[in-house]
Amino acid sequence: MLKRRYLLLLLLFCSCEEIVNPDLISADPVVVIDAIVSNTESKNYVILSTTSAFNAQGSTPKISGAKVTLTYSNESVNYTELDSGKYVPIEDISTSLLSGQYRLEMEVENNIYAAEGILPTFILLDSITVSKREENPSFDDGYYPIIHFTDPPNEINYYMWEIYLNSEFISSDDIILNDDEAFEGRSVAYELPFSINLEDVEVGDTVKVYNYSISSDAYNYYNGLLLLVGSGSPAQAIPDNPVSNIEGGGLGFFNVCQIDSTFAIITN
């Protein structure tokens with residue numbers, strides 16, 4: 001009897017060490033479109049790529065040889081491929097944007113993808129101040145950017161923010177969004193929900209903040225990205241992909257926006 005139990009235990013432990021290599025389900029690649037039109041020349045581009053298997057090595061595959069055209073206000077502008085998978089307008093469109101609808105069309109290997117967006121209201125930033133907080137029990141130590149501007153009245157506005165320290169993009173891991181529910185139509189000093197580490201800053205450094213005036217669709221899309229990135233806990237249900245405005249079966253988003261910026265010099 002003891003011998004039999006020993007054999008059963010031996011079989012149990014051996015089975016626990018068995019290496020299992022499951023078959024991985026793979027899907028066909030899907031076109032991914034990262035596109036922006038704005039009043040800033042460097043922020044007018046289309047990046048085309050494809051999805052890849054989750055365990056694939058290397059960078060995301062880029063798509064070359066596509067045909068890209070932007071139509072707005074009875075104007076049509078063709079794009080040229082600047083780098084592999086990155087397309088830019090053949091002429092500067094940043095100074096000729098007009099209110100109204102913009103349509104982007106992309107031909108990729110005989111498949112047509114398209115997207116539309118409406119140019120939001122331009123929001124002018126007045127100035128920026130930077131508050132240094134140290135040994136404050138209510139806040140982590142750091143420099144906190146405060147943006148001064150007037151929110152346009154009688155309309156819902158949506159904001160996306162980027163923060164740079166000495167020309168280095170330091171908010172790249174955070175999508176900073178807000179609407180104007182708390183300050184609709186008022187002049188405000190809005191403190192961004194982001195701080196810069198004290199040890200990363202020296203007197204004389206420059207803090208620059210960009211505001212993207214975006215549409216409600218863009219706001220919902222980037223909020224969806226935040227939910228997707230934040231769904232890392234096993235207890236959380238994985239959300240669906242953010243709602244895209246791409247027609248034709250592609251993923252991604254076409255962001256039509258207006259951009260303004262302001263900066264401050266660190267003095268203490």
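Me: In which sense do strand S10 and strand S14 pair, and over how many bridges?

Reply: Some conventions come first. This is a predicted model, in which local features need pLDDT of at least 70 and side-chain atom pairs count only at pLDDT 80 or more, while totals for chains, interfaces and linings use all residues. Residues are numbered from 1 along each chain as its sequence is written, and side-chain values use heavy atoms, with hydrogens and water left out. Strands of a sheet pair through backbone hydrogen bonds, either parallel or antiparallel. Strands here are DSSP runs of E with at least two residues, numbered from the N terminus, and two of them pair if DSSP finds at least two bridges between them. Strand S10 (residues 158-165) and strand S14 (residues 206-214) are antiparallel, with 8 bridges. Within this pairing, Leu 165 is opposite Val 207 of S14.

Me: Is Gln 258 buried or exposed, and which residues does Gln 258 touch?

Reply: Buried means under 20% relative accessible area, exposed over 50%, and partly exposed in between, with a 1.4 Å probe and protein chains only. Gln 258 has a relative accessible area of 13%, so it counts as buried. A contact means heavy atoms within 4.5 Å. Leaving aside residues up to four places away in sequence, Gln 258 touches Asn 39, Leu 119, Pro 120, Thr 121, Phe 122, Asn 211, Tyr 212 and Ser 213. The Gln 258 side chain also reaches the backbone oxygen of Pro 120 at 3.2 Å.

Me: What is the strand order of the open sheet of 9 strands?

Reply: The order is S15-S7-S6-S3-S4-S5-S2-S1-S16, and the pairing is mixed. Strand S15 (246-247) and S16 are the edge strands, each pairing on one side only. Further in, S1 and S2 are antiparallel over 6 bridges, and Ala 35 has Val 46 of S2 as its bridge partner. S3 and S6 also run antiparallel, joined by 6 bridges, whereas S3 and S4 pair in the antiparallel sense over 4 bridges. Thr 71 stands opposite Arg 103 in S6 and opposite Ser 76 in S4.

Me: Where does Ser 73 lie, and what is its phi?

Reply: Ser 73 lies in the loop between S3 and S4. These strands form a hairpin with 2 residues between them. Ser 73 has a positive phi of about 45° although it is not a glycine. Its relative accessibility is 36%, so Ser 73 counts as partly exposed. Another such residue is Glu 109, a non-glycine with a positive phi near 50°. Glu 109 is placed in the loop between S6 and S7 and is exposed, with a relative accessible area of 72%.

Me: Which residues touch the most other members of the largest nonpolar core?

Reply: A nonpolar core is a set of buried Ala, Val, Leu, Ile, Met, Phe, Trp, Tyr and Cys residues joined through side-chain atoms within 4.5 Å. The largest has 26 residues, of which Val 46 and Phe 254 touch the most other members. Strands that each supply at least two residues of this core include S1 (31-37), S2 (45-50) and S16 (251-256). Apart from this core lies another, of 23 residues, among them Ile 123, Trp 161, Leu 192 and Ile 266.

Me: How many aromatic pairs does a search of the whole structure find?

Reply: A pair of aromatic rings is described by the distance of the centres and the angle of the planes. Rings of Phe, Tyr and Trp (its six-membered ring) pair if their centres lie within 6.5 Å; planes under 30 degrees apart count as stacked, over 60 as edge-to-face and the rest as tilted. The search finds 15 pairs. The ring centres of Trp 161 and Tyr 190 are 6.0 Å apart and their planes are at 35°, so this pair is tilted. Trp 161 lies in strand S10 and Tyr 190 in strand S13 (residues 187-191), so the pair ties together parts that are 29 residues apart in sequence. Trp 161 and Tyr 190 are both buried. One aromatic cluster is formed by Phe 149, Tyr 159, Trp 161, Phe 183 and Tyr 190.

Definitions and conventions:
A polar contact is a pair of N or O atoms within 3.5 Å; within protein, one must be able to donate a hydrogen and the other to accept it, and residues adjacent in sequence count only if both atoms are side-chain atoms.
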